Amino acid sequence: MNDFIFHNPDKVYFGKNQIQHLPEELSKFGNKVLLVYGGGSIKKSGLYDTVTKLIKDAGMEMFELSGVEPNPRHTTANKGVAICKENNIDVILAVGGGSTIDCSKGIAAGAKYDGDMWDLVVNGVWVTDALPIVAVLTNAATGSEMDAWAVISNMDINQKIGLGGDALIPKVAFENPEYSFTLSAYQTACGAFDIFNHVLDNYYLAGDSTFDLILEFQEAVMRAVVKWTPIAIKEPNNYEARANLMWASSMALNTVLDAGTVHNCPCHLMEHELSAYYDITHGHGLAIITPRWLTYILNEKTAPAIYRLGVKVFDIDNGLDAMVGAENTIKAVENFAFNVLGLKKNLSELNVDDKYFDDMATHATIHGDIVGLRTLNKNDVKKIYEMCK
């Protein structure tokens with residue numbers, strides 16, 4: 001097991017009536033609030049009215065940035081940065097899913113930087129100074145509500161890159177499962193697979209570097225996703241299902257499950273290129289890549305680890321030959337992604353061709369081979385993309 005430091009300062013209000021505490025938390029950081037949100041779903045649900053009334057009744061001054069994209073653009077983040085600088089914003093309030101929170105993190109970092117915030121992203125700057133962020137979560141998916149990372153896209157040059165820093169961990173997060181009741185079945189499915197793969201990417205990197213308790217935690221989170229997602233899809237207003245998924249989202253990336261491990265995210269690195277070039281939904285891209293990645297890395301050495309996933313998460317019989325068990329596990333992952341969640345299984349069904357596969361593989365491995373259960377070079381990555389066609 002590797003040595004590790006755990007520190008997560010995010011204060012979480014979880015439950016149905018916690019939004020009432022929003023004004024008291026915002027006021028700790030100042031009086032000027034930038035409200036950031038996406039395409040307007042929070043207005044349809046009534047959450048926008050709730051939040052704005054709380055802010056205005058508290059006597060705070062509110063500014064707005066709407067229209068955050070599903071793969072948030074650096075250009076949109078720069079618009080938010082400009083608002084912050086022009087109006088001396090004190091705190092950023094992100095109301096939405098992971099894309100909105102990620103964009104808010106880009107804004108928070110850029111507001112303290114003299115220049116284009118994309119510089120921070122492309123240069124891999126670890127952000128230690130940023131405006132405070134408060135998040136109101138509406139979609140269980142990325143874990144951005146409780147982690148130090150954001151992913152920002154520059155569609156001008158087909159790049160989707162992570163931005164990280166201690167200063168980007170939200171100061172407070174509000175998680176009310178009811179806010180996710182209005183999500184479509186597709187959004188629910190994509191978000192759920194994102195959670196599943198956040199854990200899976202780390203699970204297979206652990207190897208001998210972690211301890212059994214963390215493996216058990218990881219398996220519990222993945223089991224929760226597998227159990228509760230079909231219920232949430234069938235019964236959108238099922239509070240217990242939505243609550244389990246929302247907390248799974250936070251647990252997957254708040255570093256509790258990273259303890260003593262190495263987190264290198266092979267599937268995420270490959271999928272970010274798909275989103276950067278084709279602007280597809282991130283969780284759907286992960287669902288297409290993951291079983292192909294498992295198939296590609298399967299051999300006598302990797303089979304026992306893949307088989308353990310099947311036993312612990314998908315209730316596959318113990319005692320099988322490791323290779324057979326691993327093959328059954330991959331079939332179970334495919335069934336979960338494409339039958340249970342109902343996601344399309346091939347990139348061609350999302351209008352993705354192979355034109356950029358070589359460029360994508362180059363970018364995915366730009367910092368070197370992708371270390372994991374089986375290390376991947378550029379040619380390996382391209383072959384996995386081709387398996388997804």
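Predicted model: local features only at pLDDT ≥ 70, side-chain atom pairs only at ≥ 80, totals over all residues.
Residues are numbered from 1 along each chain as its sequence is written, and side-chain values use heavy atoms, with hydrogens and water left out.

Let's start with the sheet. It is open, has 6 strands in the order E1-E8-E5-E4-E2-E3, and its pairing is parallel. Strands here are DSSP runs of E with at least two residues, helices are runs of H or I with at least four, and both are numbered from the N terminus; two strands pair if DSSP finds at least two bridges between them. At the edges sit E1 (11-14) and E3 (61-65), each pairing on one side only. On average, neighbouring strands are turned by 20 degrees against each other, direction ignored. For angles, axes are lines fitted to C-alpha atoms, for helices over the stretch in contact, and values run from 0 to 180 degrees between N-to-C directions.

Look at E5 (residues 133-137) and E8 (residues 172-175): 4 bridges join these parallel strands. Val 134 is placed opposite Val 172 in E8.

What packs on the sheet? Helix H3 (residues 47-57) does, touching E2, E3, E4 and E5, where contact means heavy atoms within 4.5 Å. Helix H5 (residues 98-110) also packs there, and its direction makes about 165 degrees with that of E4.

Now, charges. A salt bridge means a side-chain nitrogen of Lys or Arg within 4 Å of a carboxyl oxygen of Asp or Glu, and the count comes to 12. One of them joins Glu 25 to Lys 11, with the closest N and O atoms 2.9 Å apart. That pair links distant parts of the chain, helix H1 (residues 22-26) and strand E1, 14 residues apart.

On a 1 Å grid over the protein atoms alone, a cavity is a set of points where a 1.4 Å probe fits but cannot get out, and lining residues have an atom within 4 Å of a point. The model holds 2 cavities of 30 Å³ or more. Volume is the space filled by probe spheres set on the points, which are joined across faces, edges and corners. The largest cavity has about 50 Å³, and H9 gives the largest share of its lining, 3 residues. Among the residues lining the second largest cavity are Lys 16 and Glu 175.

Key: 1 Å grid on protein atoms, 1.4 Å probe; cavity = no way out; pocket = protein on both sides within 12 Å on 5 of 7 lines; lining within 4 Å.
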